[in-house]
Amino acid sequence: MIKVIIERRIAEGLEANYLESIRYTLKAVLEAPGYISSESLIDINDTNHRIIMTNWTSVQAWDVWHKSDARREALAYIAPILEGDEKITITEAR
């Protein structure tokens, strides 16, 4: 199993829009092969900094989702709300 950490910075004043947009992403990822679970976190010192931690069966499963049309469509809703690109870190326990 791997854990993918996605960090995003929401543009000031667009927090409500972000919450609406990530619902679409959640619906899409639930159908992705290899997806296990996810958790959405808010930085308590910077509420526009969001961290999404997702669990996948393998790097290959994540890569398929990461490059998929479904993810691209989901990000089309989120991208206009963000300040800059999301940061993605792929981790595993050893």
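The model is a predicted one, so local features were kept only at pLDDT of at least 70 and side-chain atom pairs only at pLDDT 80 or more, while totals for chains, interfaces and linings use all residues. Residues are numbered from 1 along each chain as its sequence is written, and side-chain values rest on heavy atoms, with hydrogens and water left out.

Starting with the overall layout, the chain has three helices and four strands, taken as DSSP runs (H or I of at least four residues for helices, E of at least two for strands) and numbered from the N terminus. Read from the N terminus, the elements go β-α-β-β-α-α-β. For 94 residues, a compact globule would have a radius of gyration near 12 Å, and the 13 Å of the chain agrees with that; the radius is taken over C-alpha atoms, and the globule rule is 2.2 Å times the number of residues to the power 0.38. Buried residues come to 35% of the 94, where buried is under 20% relative accessible area, exposed is over 50% and partly exposed is in between (1.4 Å probe, protein chains only). Of the contacts (heavy atoms within 4.5 Å) with a separation of 6 or more, 72% are between residues 24 or more positions apart.

Helix 1 comes next. Tyr 18, Ser 21, Ile 22, Thr 25, Ala 28 and Val 29 are the buried residues of helix 1. Down the helix axis they fall within an arc of 105°, so they line one face of the helix, the arc being that of the directions from the axis to the C-beta atoms. In general, an α-helix has 3.6 residues a turn, so residues three or four places apart point the same way. Ala 16, Glu 20, Arg 23 and Lys 27 are exposed on the other side of helix 1. As for partners, the buried residues of helix 1 pack against strand 1 (2–9), strand 2 (35–42), strand 3 (49–56), helix 2 (59–66) and helix 3 (69–78).

Helix 2 has its own buried set, made up of Ala 61, Trp 62 and Trp 65. Seen down the axis of helix 2, these residues stay within an arc of 100°, so they line one face of the helix. Gln 60 and Val 64 are exposed on the other side of helix 2. The buried residues of helix 2 pack against strand 1, helix 1, strand 3, helix 3 and strand 4.

Now for the rings. Rings of Phe, Tyr and Trp (its six-membered ring) pair if their centres lie within 6.5 Å, with planes under 30 degrees apart counted as stacked, over 60 as edge-to-face and the rest as tilted. By this rule there are four aromatic pairs. One of them, Tyr 24 with Tyr 77, is tilted, at 4.6 Å centre to centre and 50° between the planes. Tyr 24 belongs to helix 1 and Tyr 77 to helix 3, so the pair ties together parts 53 residues apart in sequence. Tyr 24 is partly exposed at 32% relative accessible area, and Tyr 77 is partly exposed at 47%. The ring centres of Trp 56 and Trp 65 are 6.5 Å apart with the planes at 25°, so this pair is stacked. Both Trp 56 and Trp 65 are buried. Ring pairs also join Tyr 35, Trp 56, Trp 62 and Trp 65 into a cluster.

Glu 86 sits in the loop between helix 3 and strand 4 (87–91). The side chain of Glu 86 makes a polar contact with that of Arg 8 at 2.8 Å and another with that of Arg 71 at 2.5 Å. In strand 3, Asn 55 is buried with a relative accessible area of 11%, and its side chain makes a polar contact of 3.0 Å with the side chain of Lys 3.

Definitions and conventions: Polar contact = N/O pair within 3.5 Å; in protein donor to acceptor, adjacent residues only side chain to side chain.
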